[in-house]
Amino acid sequence: MSFASSRISRPVAALAVTLPPSLGLVVCGSDTSTIEADPISVEIPSDWVDVSETDQAGSWEYAYTDSAEDPTVYVRISGDTELAMAADTSMAVLQGKGMFGAYGEGFSMENNEKWEIDSADWANHGEFVAEDPDGDPLTGHWWLASARSVGHTSGVELIGRNLDDELVQEIAESIEYRP
């Protein structure tokens, strides 16, 4: 799997070794690990590979994938997305980047709705579709949260081919925001 923009991410198919875990990884038992990017966190499968120090992170603080050799799914997270102060404005910026090719051809925002998460003054969930450079369909989700006390937007992105609904739900339910 590869993504189209150098600013957002690059291919990792050539990555042949597992990189050392970043400082954002907290092990939580054998099934999941928690990725923290203060003030937001998300749980991911514990066997996912840290690609935070590669181009795959793009502008996100931390990035993980399901496989170093043949990745199909990525989770990326940032305590500060550096997009805008409010979640809904940050969502509009991400959508604009998608419309201008940052997420490949055929980008379409499928859903953009308010999202309920504790401690956020504003929170949005967006779902989008696009195509990778090989023409394979991609589905992505953004969960963005902001609070007046923080003054910026934090976010989690899940993107991949054939995303499993159960994985999407588990990721969404595991996100915590603590400004």
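Which residues in helix α2 (residues 165–174) are buried? The legends below take up this question after an overview of the chain.

**View 1. Overview of the predicted protein chain, with two helices and eleven strands.** This is a predicted model, in which local features need pLDDT of at least 70 and side-chain atom pairs count only at pLDDT 80 or more, while totals for chains, interfaces and linings use all residues. Residues are numbered from 1 along each chain as its sequence is written, and side-chain values use heavy atoms, with hydrogens and water left out. Helices (H or I, at least four residues) and strands (E, at least two) are DSSP runs numbered from the N terminus, and from that end the elements run β-β-β-β-β-β-α-β-β-β-β-α-β. Of the 179 residues, 49% count as buried, where buried means under 20% relative accessible area, exposed over 50%, and partly exposed in between (1.4 Å probe, protein chains only).

**View 2. The buried side of helix α2.** The buried residues of this helix are L167, V168, I171 and S174. They lie on the same side of α2 because they cover an arc of only 140° around the axis, the arc being that of the directions from the helix axis to the C-beta atoms. An α-helix has 3.6 residues a turn, so residues three or four places apart point the same way. The buried residues of α2 pack against β3 (40–45), β6 (73–78), β9 (137–146), β10 (153–160) and β11 (176–177).

**View 3. The exposed face and the N-terminal end of α2.** On the face turned away from the buried side of α2 are the exposed residues D165, E166 and E173. The N-terminal end of α2 is capped by D164, which has a side-chain oxygen 2.9 Å from the backbone nitrogen of E166.

View 4. H125 is buried, with a relative accessible area of 11%. Apart from its neighbours within four places in sequence, H125 is in contact (heavy atoms within 4.5 Å) with M91, N111, N112, E113, W115, H141, W142 and W143. The side chains of H125 and H141 are joined by a polar contact of 2.8 Å; such a contact is a pair of N or O atoms within 3.5 Å, and within protein one must be able to donate a hydrogen and the other to accept it, while residues adjacent in sequence count only if both atoms are side-chain atoms.

**View 5. Residues 1–29, where pLDDT stays under 50.** Here pLDDT is the predictor's confidence in each residue, from 0 to 100, and the protein chain averages 84.
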